[in-house]
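Subject: Structure handover

Hello,

Here is the structure I promised to pass on to you. Please have it open while you read, as my notes follow just after it.

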Amino acid sequence: MIDPPTLPQRIRILQLQTECHDRSHDPTDLAEQIVAAFPRDRFEVTSAFLQGRPETGQPPSCAEHVHYFEFSEKAMRGLRLGVHRALWRYCREGRFDVVICNRYKPVNMLMTISRFLRIPVCVGISHSLGEYDRLTRRWAAALSIRPNWRFVGVSPTVRDYLINLGCGFTPDNTVAINNALDLKVVEDMFLPRAAAREELGLPQEARLIGAIGRLVPIKGHIYLLRAFAAIALRYPNVHLAIIGEGKEEARLRAEVEQHGLADCVHLLGWRTRAKRYIRAFDLWAMPSLKEGLPLALLEGMCGQLPVIASDIPSMRALIDSAGGLAVPPGNADALAEALDQYLRLDDETLRQKGWQAYAYVRDHMSIKQYHSAWLKLVEQALERC
């Protein structure tokens with residue numbers, strides 16, 4: 001009797017993330033798209049989250065396995081000895097061939113424990129500029145980076161930032177994989193304009209400037225509010241709506257009251273799967289002071305909205321190519337001029353501007369390219385280990 005052929009063992013990948021939040025398991029989330037890059041016949045992928053669990057009604061992950069550590073905020077502070085111990089045990093028992101870490105905290109923890117594990121390939125993803133500005137972080141990286149490590153910047157600007165630090169990130173171990181969107185999936189999530197406005201409680205006939213993001217200083221919403229205040233009297237039918245929550249909310253509300261804008265500025269708070277509401281807006285504003293390559297900018301373009309965004313290295317080329325307006329970060333006067341430039345256009349011209357932004361994302365930010373880049377990175381790293 002002839003024995004059946006032995007099937008090759010699949011490559012085991014762990015993707016480690018900090019927190020399970022409202023975007024986690026969303027099919028447009030880039031962590032989910034990383035999972036989708038690896039064919040199941042050759043790879044067995046596990047997604048693990050250090051904190052949180054999915055809320056009721058949240059879609060399941062496309063990963064074959066999902067693990068929630070559910071560490072407390074207290075456990076995640078300080079030396080995090082208990083977290084390191086649990087993560088070390090989990091990785092040892094899982095016998096993963098590849099561990100991919102999203103953002104600084106998981107990267108740092110894996111750097112600490114990986115010297116005591118035999119993980120063939122470790123990958124750290126940096127999403128923004130400034131993650132390693134602290135001297136202690138650069139020092140830790142210089143001591144911890146080994147030949148089995150690879151690093152990914154979400155844009156060429158983030159990649160170059162890492163390499164120029166001179167603490168172990170090199171052109172050989174650090175690459176750029178641009179953030180991307182699965183346009184079909186994203187577009188299927190969008191609510192129609194009227195329905196989105198109705199759910200948000202926004203006026204149907206107004207022209208709407210929209211923004212989505214955490215209400216924290218680095219997102220620059222205070223400058224967007226001040227810019228809007230400068231032009232609001234000229235455009236009585238124009239409203240500003242911001243979806244998000246955070247520690248800046250009280251400051252933003254005080255600014256609204258100071259300028260007497262309560263009737264035309266809408267701070268809408270946190271919304272589950274906020275991108276659903278993008279087509280409620282007529283203009284898309286991204287006034288961030290610092291970014292890697294923000295998905296929110298791509299999502300606004302996918303919604304066929306003309307974009308106004310900060311002229312920062314990671315976004316400049318994208319804004320220019322998409323026909324948007326780039327303004328100096330933190331400059332409310334320049335932002336007001338850009339808003340005025342777009343608001344003077346008629347509806348049809350504004351729609352054409354939005355279509356130009358959409359066409360650029362469609363033609364140049366392909367999710368297929370994203371999947372191919374991740375698969376190539378992991379396969380080449382495994383070949384060299």
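Below is what I found, starting with the whole chain and moving on to single residues.

Please keep in mind throughout that this is a predicted model.

**The chain as a whole**

The secondary structure of the protein chain comprises 14 helices and 13 strands. Its radius of gyration is 22 Å, which agrees with the value near 21 Å that a compact globule of 385 residues would have. Along the principal axes, the C-alpha atoms occupy a box of roughly 80 × 55 × 40 Å.

Of the 385 residues in the protein chain, 54% are buried. If you take the contacts between residues at least 6 apart in sequence, 71% of them join residues at least 24 apart.

**Cysteines**

How many disulfides does a search of the whole structure find? The count is zero. Cysteine 167, for one, is in no disulfide, and the nearest cysteine sulfur to it, that of cysteine 101, is 16 Å away. Cysteine 302 is likewise in no disulfide; here the nearest cysteine sulfur belongs to cysteine 62, at 18 Å. For a disulfide, the two sulfur atoms would have to be within 2.5 Å. Cysteine 167 is buried, with a relative accessible area of 6%, and cysteine 302 also counts as buried, at 0% relative accessibility.

**Helix H10**

Cysteine 302 brings us to helix H10, which covers residues 295–302. Eight of its eight residues are buried, so the helix is largely enclosed by the rest of the structure. After H10 comes glutamine 304, whose phi is positive, near 65°.

Glutamate 70 is not a glycine, yet its phi is positive, at about 60°. Glutamate 70 sits in the loop between strand E3 (65–68) and helix H2 (81–94), and is partly exposed, with a relative accessible area of 46%.

Arginine 273 is the other: its phi is near 50°, again a positive value in a residue other than glycine. The loop that holds arginine 273 runs between strand E10 (265–269) and strand E11 (283–286). Arginine 273 is partly exposed too, with a relative accessible area of 28%.

**Serine 47**

Is serine 47 buried or exposed? Serine 47 is buried, with a relative accessible area of 0%. This serine belongs to strand E2, which spans residues 43–51. Leaving aside residues up to four places away in sequence, serine 47 touches Gln15, Gln17, Val35, Ser61, Ala63, His65, Val66 and His67.

That is everything I have for now.

Best wishes

Note on methods. Residues numbered from 1 in each chain as written. Predicted model: local features only at pLDDT ≥ 70, side-chain atom pairs only at ≥ 80, totals over all residues. Heavy atoms only, no water. Helix = DSSP H or I, 4+ residues; strand = E, 2+ residues; numbered from the N terminus. Rg over C-alpha atoms; globule rule 2.2 N^0.38 Å. Buried < 20%, exposed > 50% of the residue type's maximum accessible area, 1.4 Å probe, protein only. Contact = heavy atoms within 4.5 Å.
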